[in-house]
Amino acid sequence: MRETTRRQLTATAIVSAPLMWTLVFLFIPYLVMFTYSFYLKKFPTFVPAFEFVNYLTIISDPQYYQVLLRTAKIALTVAVCSFLIAYPLTYFLVFKVKSARLRSILYMAVIVPLWVSYLLRAYTWKTILGNEGILNSFLVWSGILSQPTDIFLYNQFSMVVTLTYIFVPFMVMPLYASLEKIPRSMIEASKDLGVGPLRTFWHVTLPLSMPGVIAGATFTICLTFGDFVAPFLVGGPNGAMIATIIQSQFGAALNWPLGAALSIIMLIIVLTIISVSDRLERAGRIDLN
Amino acid sequence: MKNLRKVLQSAGAVLAVMGMATAAQAAGEVNILTWEGYADDSFIKPFEEATGCKVSATYVGSNDDFAPKLAAGGGVYDLVSPSIDSTKALIEAGFIDPADMSRLPRYEEIYEKFRTAEGINHDGKVYGVPFSWGSIPFMYRTDKFETPPTSLNILWDPALEGKISLWDDKSAIYVASRVIGNHNIYDLSDEELEAAKAKLIEQKPLVRKYWATAGELVDLYAAGEVWISNTWGGYQSALLAEQNIPVQEFIPEEGAEGWMDSWLIVKGTPNEDCVYEFINMATTEEGQCGMSNVNGYSSANPVAAKNCMSEEQFKALHQDDVDYLDSLLLWTNLRDRLEHYTNTWNAVKAAN
Amino acid sequence: MSAIVEIQNVTKTYGGKVTAVDDLSLAVEEGEFVTLLGPSGCGKTTTLRMIAGFEIPTRGRIMLAGEDVTDLPPYHRQVNTVFQDYALFPHMTIQENVGYGLRVAGVPKSEVGPKVKDALVRVGLLDKAADRPAMLSGGQKQRVALARALVRQPKVLLLDEPLSALDAKLREAMQVEIKHLHEQLGLTFVFVTHDQREALVMSDRVVVMDQGKIVQSGTPSELYDQPASAYVADFIGNSNKLRGRVVDIQGRQVRVKVLGTEVSGLARQNGISVGDLVLMTVRPEKVQLLVEEEEAGSASLLSGTVLDNLFHGSTCRMEIDMGEGEPFVVDLQLRTALDQANLAAPGSRVRLAIDPATVSVFPDDGAFAS
């Protein structure tokens, strides 16, 4: 074999490896899933077919849009809560912490929990929010409550708290990047033109950090959409989310076709969110130079 | 694929021949997909030493896990231990081989009710060897009730708001149906399912959490979150007793479901010898008492149980009480009604 | 005339270690165009930022129109800044950028519109009013930045190296434009640059800074012709340098033995005595090339060998080997074609006459040893 051919082959191999990986582990499974979604459930398993029954079921049975709506509501709430927590924190890191060393230490402190097991972090909230948990113990001890309350755990509130806590780093990371990218001269220029700090934030800093806000919201919404651990660990009787239902179709109901159809719909929703956010980001993307 | 199977089969045959040559030492392996307490070292270790069969166990969290694992492709597991309501689907889906009765000398000792169960008999052949059984009784915190509860109606008592838990399973429908008065719980019509759904939705504000795993229910009791729930009879109550949480199981007036687990041989297993060695061990003294001691479940083979249990244990596990066994509503396969049950249960969880 | 900006003994240190500005005092007259000139790190930008309010002096006061503004935040000071990177808001159109300060301050729309329009007309960008900054060229962005700063009618306009990002040709055009703007508006401009030519072209007064201190302050011609230190002589324009020992001093007239002969010059600093080692500087265009047997008169006379002639269009730069040290540089005006034809060819001997009035003499502290 000649040297050039060999080199070309090597190059092709290097390029095609990730492509192959994507094909084999991403597209083919999606394709399989898509095919299954047209199959028919038939005891004991299911039979190949090309029918839209599963999609019709999802449209006609109110339980599915109820759960989708609930999932969307929780995802949005998580995104808003993450934003409200992450923005002041990140703003403080980027603009108020002068020492670069301290800043990177604090940033890491926010990000590092990502390396701790998701389950462990979710579990922590059980011990905080529970009937005999830290929060209730404190409230009873301090005399604010005479008896422990069960309003903190096993409901949508505890799911939002847990998911927000877990996904906040995904909001912080893009926000940090976009806030850091804002030239200080922009903010100085605003103040120079007679505009005070609050209105400078509102008119200059916030609009310029929108790409980070959008990216963070996309992360948190999409991650929440696919979550089934929080409903399982801290969700109450009204905690079922779309991923919980999909899991039950693949498991308990042994109805893979319906599960596949639900997955495809969820995939479409998530892809829609991503493409809308991409568009928003593009529209708002600003050449900072 | 076909070739591979042939190779495996012939490999199995070679192993079988070797097994015969060294009768006492059927060197080989057996891969089982089962519940956590069913492959406990207390009886697995001696088995491995005696037979030379290496046991590799993978655990399931629910009966729903067997079918997807077997459907995902063969060659991984040799033996599975689903409950009696999940066996038929596996058999009809062609995942299971019938048992060779000539290699199960003590099969006849098992309770007749189990041996004749529809879920393990198919086309005149036996597809499963009963192993363990129990009930789905209810359980309550004795320190929280002045008068012990006796009826399922208490699960709809607003006074217990936030202290009730139910198993996150179609079993909730069985419970609601019995309360309504529909005792044909394994054969509910669409209307009866709707009625159960309405009853369960009515109960939702009172429910603290639907429990999904054995450990979760134990945690819920231990953390004081839940005072009353259904339970896997004998199992969680024992774990709670270890933590000094005062709980008591009871069979409600409306009756309780019963369950039974069997060993099923995965189609085309290359480890037949070890598989039969394992089943024979599991369904006789060693495995029966081993299982009962670890899990607190009753044994399917009363003859073996009698041999290895104390008089008290034998009584406590209702091994001598055929009436008790008969009073249980033994889980039945729901066949094509399963998806309706599951969807009904999902609809309950989806409702706001 | 009265001082509109007064910097009184201002010191700025960072972290107690780095001193950016060191006990600096400066008064800027109303309507003056003052340029702070110096290499990077000399403290000129820090000084400007303290006038703007972006930095708070460690010590000293800053007065603006007679009012002490030392502790006022930038948004309460009647000064505006043109930033080096323009700092136009990318998410606003050009007119929104220009009208931003007025709009947010609550000036009625009916007033903002005409003011923005006036400002854009003044910088010739009315047709770009609805565009985003990203669509403009560097020079256009610069004009928008000017319009935005001027629309608020500040008492002082601060310009922080506003032309450094532009290419040479555009830079020259903008220099003229800014200078005209200053003349039209009669406003006080404080301009910061490291480009000495820019400073000379534009300013009424140039303040040369080094290591946080003012080295010399004066009109461009004062700085050029009467540098107060060897540093200024070197930093501003080109200089030929000669080193030698003082043989005689008459008042400020100093005679120095150098290159085997004697050259006279004017002492720019005190404390030079006979026998001292001194540095003499002379501008290349102030050196005269003597023709044939022409008399030198009162001028000092040197001779050397032509190394090269570098053609610069209107001038020719002649490099001359003096036998030792750096080659001497002489700029000759080429007025006629004959001038060019008559240039001494490389290799020929030439004689140079240097008028003592054009020679500056400084104590030789070795700063420019080469």
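I count a residue as buried if 20 or more other C-beta atoms lie within 10 Å of its own. With that settled, I opened this predicted model and started with chain A.

**Chain A, overall**

Buried residues come to 39% of the 289 residues in chain A. For secondary structure I noted 13 helices and two strands in chain A. I then looked up the radius of gyration, which is 24 Å for chain A, while the globule rule gives 19 Å for 289 residues; chain A is therefore more spread out than a compact globule. The C-alpha trace of chain A spans about 80 × 70 × 35 Å along its principal axes. I also checked the contacts in chain A with a separation of 6 or more, and 71% of them join residues 24 or more positions apart.

**Which chains touch**

I went through the chain pairs next. Two pairs of chains touch, and chains A and B have the most contacts. Chain B and chain C do not touch, and I noted 43 Å between their nearest C-alpha atoms.

**Chain B, its two domains**

The assignment for chain B gives domain 1 (2-134 + 258-320) and domain 2 (138-255 + 332-350). I found their centres, taken over C-alpha atoms, separated by 30 Å. Ten residues from domain 1 of chain B and ten residues from domain 2 of chain B make the contact. On the domain 1 side, helix α4 (residues 87-92) of chain B has the largest share, three residues. That side of domain 1 divides into two nonpolar, six polar and two charged residues.

**Chain B, a helix pair**

I picked out helix α2 (residues 41-51) and helix α11 (residues 285-295) of chain B, whose axes come within 9 Å and cross at roughly 155°. Angles over 145 degrees count as roughly antiparallel, so α2(B) is roughly antiparallel to α11(B). From α2(B), I wrote down Ser42(B), Phe43(B), Pro46(B) and Phe47(B), and from α11(B), Glu286(B), Gly287(B), Gly290(B) and Val294(B). By class, their contact has four nonpolar, three polar and one charged residues.

**Chain B, a closer look at Tyr210(B)**

I found Tyr210(B) in strand β10 (residues 207-211) of chain B. Is Tyr210(B) buried or exposed? Tyr210(B) counts as buried, because it has 26 C-beta neighbours inside 10 Å. Leaving out residues up to four places away in sequence, I listed what Tyr210(B) touches: Pro237(A) from chain A, along with Ser165(B), Leu166(B) and Asp168(B). I also looked at Lys349(B), which is 139 residues from Tyr210(B) along the chain, with 9.3 Å between the C-alpha atoms of the two.

**Chain C, its two domains**

My last entry is on chain C, which is assigned domain 1 (3-232) and domain 2 (239-363). The centres of these two domains of chain C, taken over C-alpha atoms, are separated by 39 Å. I noted five residues of domain 1 of chain C in contact with six residues of domain 2 of chain C. The domain 1 side of that contact has three nonpolar, two polar and no charged residues.

Terms used: Residues numbered from 1 in each chain as written. Chains lettered and ligands numbered in written order. Predicted model: local features only at pLDDT ≥ 70, side-chain atom pairs only at ≥ 80, totals over all residues. Helix = DSSP H or I, 4+ residues; strand = E, 2+ residues; numbered from the N terminus. Rg over C-alpha atoms; globule rule 2.2 N^0.38 Å. Buried ≥ 20, exposed ≤ 12 C-beta atoms within 10 Å, placed from the backbone. Contact = placed C-beta atoms within 7 Å. Domains from an automatic or database assignment. Nonpolar A, V, L, I, M, F, W, Y, C, P; charged D, E, K, R; others polar. Axes fitted to C-alpha atoms, helices over the stretch in contact; angles between N-to-C directions. Parallel < 35°, antiparallel > 145°, perpendicular 65-115°, else oblique.
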